Amino acid sequence: EELFDLSQYKYLIYDGTYFHKNGCLICLMDAPSQRIIANIYTDREGFKNTYPWFNDLKLKGLNPDAIAMDGEISVMRAVRMTWPETKIQRCLYHIQREGMRWLRSQPKTQAGLKLRILLSTLCFVKNIKERNAFIKKYRQWFNTYNAFVQSLPKTYVAFKDLRRTMALINNALPDMFRYLRNPLLPVTTNT
């Protein structure tokens, strides 16, 4: 049973940590204080584990304005179903790290190289002007290279890497820069 009032926590960080094959520790932290306010240990992250937990926390008064989290789609769905008005801030570090990993340190195409260079700037976006510049550069990259990416053979590694990175950015963009309008919302889940 919670020993404190969950309704006071409005800006949260969600993070899951896996322990080899022995399960996952999922924590919700109050972003301003970085205090863990709730946690569960379960077999894995995902809707079937987080949705009931979130609903239990909601019944105990938790009603966040925003949650910073990685891009686990089923967990974001659980958040949106539990708290439809809660804003999600995608962790910029996770976006950057995943994209850079997929593109590798030595991309095989000019498109991959250019996208990797652009992704390397993501965690340095500090204001609306820089956000707009990042989005503009990504859209320019997309307009320049999308036809090329689509023309690559589906079995070509560069095709898979570029497509995954494009999907990552496209899916994250709506929730990527919410922190710029609210300084209480963290940019990353890495504390």
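## Helix packing, cores and loops

Analyst: To start, I95, Q96, G99, M100 and L103 in α3 meet G112, L115, R116 and L119 in α4. By class, this contact of α3 with α4 holds five nonpolar, three polar and one charged residues. The model is predicted.

User: How do the axes of α3 and α4 cross, and what does that make α3 relative to α4?

Analyst: The two axes come within 10 Å. They cross at roughly 160°. Angles over 145 degrees count as roughly antiparallel. Therefore α3 is, relative to α4, roughly antiparallel.

User: What is the overall make-up of the protein, and in which order do its elements run?

Analyst: The protein has six helices and five strands. From the N terminus on, the order of the elements is β-β-β-α-β-α-β-α-α-α-α.

User: What share of the residues is buried?

Analyst: Buried here means under 20% relative accessible area. The protein has 191 residues, and the buried share of them is 47%.

User: Among contacts between residues at least 6 apart in sequence, what percentage join residues at least 24 apart?

Analyst: Heavy atoms within 4.5 Å make a contact. Among contacts in the protein between residues at least 6 apart, those joining residues at least 24 apart come to 57%.

User: Which residues have the most contacts inside the largest nonpolar core, and which element gives the most to this core?

Analyst: The largest nonpolar core has 36 residues, and W141, M176 and F177 have the most contacts inside it. Two or more residues come from each of β1 (11-18), α3 (92-103), α4 (110-119), α5 (128-151) and α6 (157-172). With seven residues, the element that gives the most to this core is α6.

User: How many residues are in the other core, apart from that one?

Analyst: L12, Y14, I67 and A78 are among the members of this other core. It lies apart from the largest one, and its residue count is 22.

User: Which residues does M176 touch, not counting those up to four places away in sequence?

Analyst: M176 is one of the residues with the most contacts inside the largest nonpolar core. Leaving out residues up to four places away in sequence, M176 touches Q89, R90, L92, I95, L122, F134 and I169.

User: How are α4 and α5 arranged, and what is the handedness of their crossing?

Analyst: The axes of α4 and α5 come within 10 Å and cross at roughly 170°. The two helices are therefore roughly antiparallel to each other. The crossing of α4 past α5 is left-handed.

User: Which residues make the contact of α4 with α5, and how many of them are nonpolar?

Analyst: From α4 come Q110, A111, K114, L115 and L118. From α5 come F134, K137, Y138, W141, Y145 and F148. By class, the contact of α4 with α5 has one polar residue, two charged and, for nonpolar, eight.

User: Which residues of α6 make the contact with α5?

Analyst: The axes of α5 and α6 come within 11 Å and cross at roughly 145°. On the α5 side, the contact is made by Y138, W141, F142, N146, V149 and Q150. On the α6 side, the residues are F159, L162, R163, M166, I169 and N170.

User: Which residues of α2 are buried, and what covers them?

Analyst: Helix α2 spans residues 73-82, and its buried residues are S74, V75, M76, A78, V79 and T82. What covers them includes β1, α1 (47-59), β4 (66-69) and β5 (87-90).

User: Is N171 buried or exposed, and how many Å separate its C-alpha atom from that of I73?

Analyst: N171 is found in helix α6. Exposed means over 50% relative accessible area. N171 is exposed because its relative accessible area is 54%. N171 and I73 are 98 residues apart along the chain, and the separation of their C-alpha atoms is 9.8 Å.

User: Where is Q34, and what is its phi?

Analyst: Q34 sits in the loop between β2 (24-30) and β3 (35-42). At 45% relative accessibility, Q34 counts as partly exposed. Q34 is not a glycine, yet its phi is positive, at about 60°.

User: Where is R104, and what is its phi?

Analyst: R104 lies in the loop between α3 and α4. R104 counts as partly exposed, at 39% relative accessibility. In this residue other than glycine, phi is positive, near 65°.

Technical notes:
Residues numbered from 1 in each chain as written. Predicted model: local features only at pLDDT ≥ 70, side-chain atom pairs only at ≥ 80, totals over all residues. Heavy atoms only, no water. Core = buried A, V, L, I, M, F, W, Y, C linked by side-chain atoms within 4.5 Å. Buried < 20%, exposed > 50% of the residue type's maximum accessible area, 1.4 Å probe, protein only. Helix = DSSP H or I, 4+ residues; strand = E, 2+ residues; numbered from the N terminus. Axes fitted to C-alpha atoms, helices over the stretch in contact; angles between N-to-C directions. Parallel < 35°, antiparallel > 145°, perpendicular 65-115°, else oblique. Nonpolar A, V, L, I, M, F, W, Y, C, P; charged D, E, K, R; others polar. Left-handed = near helix turned anticlockwise from the far one by under 90°.
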